[in-house]
Amino acid sequence: MYCLSCGHRIKNNFSKFCNECGDELSRQRISEKKTIKKAVIYSTTIEEDLSRVSHIFAVWVTSFIVASIFFFIYLNYIHNLILPVAAFVGVLFVWMILLFVLQDLADRIGAPSLKFVFIPQIFPIAGTFFSYFYLVNKATGK
């Protein structure tokens, strides 16, 4: 625990006054909560973020392929539209999750995050691929 006034390190956590300047330490709990919050925000590493983005990207591509197969089955065999519509709704949900994770990665590596939200919404498939590959290459330093 540190004193807010002088920055001196307090060894006894139950002290009421600073040993160095004599200031009251009742405000110290506020400072501890802020430092804990900062530690929680940055508790993951870039590698963990890249792994999470890669897994969600793989799920998005796979769900897109499955939805296309269901649409092919609808066109040729069964004329029930519920199956391909449900699959494409699933693709949209996974796509939104992927956009959120890409935005978090963009914030983490210092890239302009709005660019990677608007490009996939204007060009959905190509923009998402572009955003994913650009952010992964920038995060890995290639």
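## A surface patch

Leu81, Val85, Val89 and Phe93 make up a nonpolar patch on the surface, and together they have about 360 Å² of accessible area. Such patches consist of residues with over 30% relative accessible area and no salt bridge; like charges are joined within 9 Å, and nonpolar side chains (Val, Leu, Ile, Met, Phe, Trp, Tyr) within 5 Å. Accessible areas come from the Shrake-Rupley method with a 1.4 Å probe, and for residues only the protein chains shown count as cover. Leucine 81 has a relative accessible area of 42% and is partly exposed. Here buried means under 20% relative accessible area, exposed means over 50%, and partly exposed lies in between (1.4 Å probe, protein chains only).

## The model and its chain

This is a predicted model, in which local features need pLDDT of at least 70 and side-chain atom pairs count only at pLDDT 80 or more, while totals for chains, interfaces and linings use all residues. Residues are numbered from 1 along each chain as its sequence is written, and side-chain values use heavy atoms, with hydrogens and water left out.

The protein chain contains five helices and zero strands. Helices (H or I, at least four residues) and strands (E, at least two) are DSSP runs, numbered from the N terminus. Of the 142 residues in the protein chain, 27% are buried. The accessible surface of the protein chain is about 9900 Å², and carbon and sulfur atoms account for 66% of it. Contact means heavy atoms within 4.5 Å. Among contacts between residues at least 6 apart in sequence, 51% link residues at least 24 apart.

Helix α2 covers residues 46-76. With its 31 residues, α2 reaches 45 Å from its first C-alpha to its last, close to the 45 Å expected at 1.5 Å a residue. The expected span of a helix is 1.5 Å times one less than its number of residues. The buried residues of α2 include Leu50, Val53, Ile56 and Phe57. The buried residues of α2 pack against α3 and α5.

Helix α3 covers residues 82-109. Its 28 residues should span 40 Å, and the end C-alpha atoms of α3 are 41 Å apart, which agrees. Among the buried residues of α3 are Pro84, Ala87, Val91 and Val94. Glycine 110 follows α3 and has a positive phi, near 90°.

## The nonpolar core

A nonpolar core is a set of buried Ala, Val, Leu, Ile, Met, Phe, Trp, Tyr and Cys residues joined through side-chain atoms within 4.5 Å. The largest such core has 21 residues, and Val53, Trp60, Leu98, Leu102, Leu105, Tyr132 and Leu135 have the most contacts inside it. Helices α2, α3 and α5 each supply at least two residues of this core. The largest share of the core, ten residues, comes from α3.

Tryptophan 60 belongs to helix α2 and is buried, at 3% relative accessibility. Not counting residues up to four places away in sequence, tryptophan 60 touches Val91, Val94, Trp95, Leu98, Ile125, Thr128 and Phe129. Threonine 128 is in helix α5, residues 124-140, and is buried at 0% relative accessibility. With the nearby sequence positions again left out, up to four places away, threonine 128 touches Trp60, Trp95, Leu98, Pro120 and Phe123.

## Salt bridges

The whole structure has two salt bridges. A salt bridge is a side-chain nitrogen of Lys or Arg within 4 Å of a carboxyl oxygen of Asp or Glu. One joins the side chains of arginine 52 and aspartate 49, at 2.7 Å from N to O. Both residues lie in helix α2, three residues apart, about one turn of the helix. An α-helix has 3.6 residues a turn, so residues three or four places apart point the same way. Arginine 52 is partly exposed at 39% relative accessibility, whereas aspartate 49 is buried at 5%.

Arginine 108 also forms a salt bridge with aspartate 49, with the closest N and O atoms 3.0 Å apart. Arginine 108 lies in α3 and aspartate 49 in α2, so this pair ties together parts that are 59 residues apart in sequence. Arginine 108 is partly exposed, with a relative accessible area of 27%. Through shared partners, the salt bridges join Asp49, Arg52 and Arg108 into one network.
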